[in-house]
Amino acid sequence: MGRMGLRELKKQQTRQAISHQATRLFLRHGFDRVTIADVAAAAQVAKMTVTNYFPRKEDLALDLHEEFVAQPARTVAARAPGESALAALRRAFLEAVDRQDAVIGFSGPDFARMISESPALVARLREFHEEREHALAAVLAGESGTSPDDVVVRVAVAQLIGAHRVLFEETLRRTIAGEDRDEIAAALAASAKDAFDLLEPSLGSYAVRPGP
């Protein structure tokens with residue numbers, strides 16, 4: 001057990017070191033001009049080690065992939081009795097705004113600009129949002145006994161994740177424009193309330209968790 005713990009710690013440290021060096025190089029030279037070999041050399045590991053931890057170059061820059069994809073589905077799965085999927089996601093998003101969480105787009109201007117200016121990273125983010133839709137659809141379909149391909153489930157999920165996507169892009173836009181984090185948080189909280197209020201008439205009573 002102790003040895004396994006040490007192995008896992010070593011893996012985590014290696015992953016963090018690779019991610020740190022990759023981000024440093026991307027910000028200095030630009031995402032498209034840095035190679036996997038460059039990252040491996042900077043992190044003092046083999047090129048294969050980098051690809052074992054990050055199969056795609058884009059994931060070196062967007063290293064919160066798993067958390068990003070899982071967060072909405074996990075929030076809905078853990079919602080309280082009597083709480084709708086919309087209410088749970090609204091609550092969780094506003095909590096993330098208070099934390100200025102990187103998962104909803106908080107970063108520095110150089111990092112935000114790097115993402116927005118790279119077609120490869122923009123395309124990979126689009127895939128992340130699609131994966132979010134699939135993960136949330138699986139949770140809602142499992143609860144209702146329907147298929148993730150059910151039209152009602154898909155339409156609901158498209159609206160819920162669509163709001164998150166727009167808000168993420170708004171965070172990047174304001175970051176690139178030079179607003180400080182507190183300004184962004186205040187504006188984003190207001191925008192999030194508007195966005196979720198807009199969905200309330202159609203989704204306020206959808207996927208309400210039954211009481212005990």
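1. Gln 71 is found in helix 5, which covers residues 65–77. Helices here are DSSP runs (H or I, at least four residues; strands are E, at least two), numbered from the N terminus. Gln 71 is buried, with a relative accessible area of 15%; buried means under 20%, exposed over 50%, and partly exposed in between (1.4 Å probe, protein chains only). Leaving aside residues up to four places away in sequence, Gln 71 touches Arg 99, Asp 101, Val 103 and Arg 132, a contact being heavy atoms within 4.5 Å.

2. The basis of these values should be kept in mind. This is a predicted model, in which local features need pLDDT of at least 70 and side-chain atom pairs count only at pLDDT 80 or more, while totals for chains, interfaces and linings use all residues. Residues are numbered from 1 along each chain as its sequence is written, and side-chain values use heavy atoms, with hydrogens and water left out.

3. UniProt, in an unreviewed entry, places the feature "domain: HTH tetR-type" at residues 12–72. Its positions are given in the numbering used here, feature names are shortened, and annotations may be inferred rather than shown by experiment. Over residues 12–72 the chain is 75% helix and 0% strand, and the end C-alpha atoms are 24 Å apart.

4. A search of the whole structure finds 18 salt bridges, each a side-chain nitrogen of Lys or Arg within 4 Å of a carboxyl oxygen of Asp or Glu. One of them joins Arg 90 and Glu 200, whose closest N and O atoms are 3.7 Å apart. Because Arg 90 lies in helix 6 (residues 85–99) and Glu 200 in helix 10 (residues 181–203), the pair ties together parts that are 110 residues apart in sequence. Arg 90 is buried at 19% relative accessibility, whereas Glu 200 is partly exposed at 37%.

5. How far apart are the closest N and O atoms in the salt bridge of Glu 127 with Arg 124? The distance is 2.6 Å. Glu 127 and Arg 124 are three residues apart in helix 8 (residues 119–144), so about one helical turn separates them. An α-helix has 3.6 residues a turn, so residues three or four places apart point the same way. Arg 124 is buried, with a relative accessible area of 5%, and Glu 127 is partly exposed, at 27%. Salt bridges that share partners join Arg 56, Glu 58, Asp 59, Arg 124, Glu 127 and Glu 131 into one network.
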